[in-house]
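Let's take a walk through a protein chain and see how its pieces sit together. Keep the picture open while you read.

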Amino acid sequence: MVRRNNVRGQRTYDTLVLEGGSLRCAFTAGVLDAFSAVGYTRFRRMIAVSAGAMALTSFLSGQRKHFIDVATDVAEDGQFIRLMSALSDEGVMNLAHLFDHVRRNRPLDLEAAAFNARRKHIRFVTTDFETGQPLYLNPVAGNWLRILWASATLPMVTRGKIKVDGQWMFDGGISDALPLQAAIDGGGKNILVVRTRPSGLHYRQSWMDVFATYWYKENPAIVELYEKGHHRYNAVVDRLQTEGEGRLTWKEIAPLHPLRSDGFRVQKEDLISDYHHGLDRGLDWLAGLTK
């Protein structure tokens with residue numbers, strides 16, 4: 001297969017941003033597997049949120065299909081998503097079960113991921129549990145899995161919070177779901193953003209967001225995230241539509257329609273459909289680079 005890394009006339013995208021979205025990131029995994037298939041790994045900076053960090057880890061480790069294989073495994077076993085466990089310690093989505101399944105059955109090659117990340121600026125987004133501020137953590141071999149766990153730990157949906165290096169934190173999607181500005185602040189000039197919602201689609205405050213404002217009423221910083229987070233998210237959605245400011249440019253790879261793997265009742269066929277949609281969108285984007 002022809003590798004595209006050295007094709008003349010291509011725009012050089014120096015930064016990759018991956019939106020989260022739990023199992024919606026089956027789409028992201030498809031995009032990244034398309035990139036892997038043709039050796040498109042030129043990004044110098046990579047910022048990933050929530051499950052996007054898990055997809056990025058598979059990309060960096062060179063384990064194509066790892067994310068979708070794990071996702072379909074746990075979607076079928078009945079232990080990862082359990083609506084009746086909403087008020088348990090592990091929540092609706094049992095991350096302990098997920099990571100145990102990965103460790104036992106489909107281990108990540110973290111040494112390869114760390115090796116391939118050594119000359120890149122890699123950041124996983126989490127949220128400080130006390131201040132509500134986004135944290136942009138640099139994963140290394142010794143703490144990679146712990147940071148992955150923290151990046152996907154969503155209050156009321158999973159365990160709630162995780163301690164990393166003595167600091168309590170949780171899912172970065174609550175504080176910076178689309179870290180475009182963080183990519184710019186990190187030096188990004190030409191930025192590619194992989195979405196898990198259709199381009200331009202606004203997000204409304206959910207019933208869970210409203211409930212969280214009562215659940216965390218003792219912490220005003222966290223309450224504000226749930227009260228105003230959808231407004232911040234939608235502002236970035238609108239900003240992405242401009243495709244750039246001054247000498248800065250950005251593009252999106254987004255699903256053409258809402259993904260089937262959204263929500264808590266996800267079947268294997270939903271994940272595979274979204275993964276193949278991501279493959280198609282990724283290959284179409286790569287083909288457009290030389291036009």
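Predicted model: local features only at pLDDT ≥ 70, side-chain atom pairs only at ≥ 80, totals over all residues.

## What's inside and what's outside

A residue counts as buried when its relative accessible area is under 20%, as exposed when that value is over 50%, and as partly exposed in between.

The chain has 10 helices and 9 strands. How much of the contact in the chain, at a separation of 6 or more, comes from residues 24 or more positions apart? The share is 74%.

## Rings that meet

Now for the aromatic side chains. A pair of aromatic rings is described by two things, the distance of the centres and the angle of the planes. Rings pair here if their centres lie within 6.5 Å, and planes over 60 degrees apart count as edge-to-face. That gives 9 aromatic pairs. Take F129 and F170: their ring centres are 5.7 Å apart and their planes are at 80°, so this pair is edge-to-face. The two come from distant parts of the chain, 41 residues apart, with F129 in the loop between β3 (121-128) and β4 (134-137) and F170 in strand β6 (residues 167-171). Are these two buried or exposed? F129 has a relative accessible area of 13%, so it is buried, and F170 is buried too, at 0%.

Y203 and Y233 make another edge-to-face pair, because their planes are at 70°, with the ring centres 6.0 Å apart. This pair also links distant parts of the chain: Y203 is in the loop between β7 (190-194) and α8 (207-215), Y233 is in helix α9 (residues 220-241), and 30 residues separate them. Y233 is buried, with a relative accessible area of 6%, whereas Y203 is partly exposed at 24%.

Some rings join up into a group: ring pairs link Y13, F35, Y40, F43 and W285 into a cluster.

## Helix α1 and its two partners

Two packed helices are described by the angle between their axes and the distance between those axes. Start with helix α1 (residues 25-37) and helix α10 (residues 268-288), which pack at about 40° with their axes 6 Å apart. Angles under 35 degrees count as roughly parallel and 65 to 115 as roughly perpendicular, so α1 and α10 are oblique to each other. Their crossing is right-handed. Among the residues making this contact are A26, F27, G30 and F35 of α1, and L271, Y275, G278 and W285 of α10.

Next, compare helix α2 (residues 51-61). Its axis comes within 9 Å of that of α1, and the two cross at roughly 20°. That angle is why α1 counts as roughly parallel to α2. This crossing is right-handed. In α1, the residues involved include C25, L32 and F35, and in α2 they include A51, L56 and F59.

## A closer look at K268

K268 is found in helix α10. Its relative accessibility is 33%, so K268 counts as partly exposed. Which residues does K268 touch, leaving out those up to four places away in sequence? They are T72 and E76. K268 and I68 are 200 residues apart in sequence, but their C-alpha atoms are 9.5 Å apart in space.

Conventions. Residues numbered from 1 in each chain as written. Heavy atoms only, no water. Phe/Tyr/Trp six-rings, centres within 6.5 Å; stacked < 30°, edge-to-face > 60°. Helix = DSSP H or I, 4+ residues; strand = E, 2+ residues; numbered from the N terminus. Buried < 20%, exposed > 50% of the residue type's maximum accessible area, 1.4 Å probe, protein only. Axes fitted to C-alpha atoms, helices over the stretch in contact; angles between N-to-C directions. Parallel < 35°, antiparallel > 145°, perpendicular 65-115°, else oblique. Left-handed = near helix turned anticlockwise from the far one by under 90°. Contact = heavy atoms within 4.5 Å.
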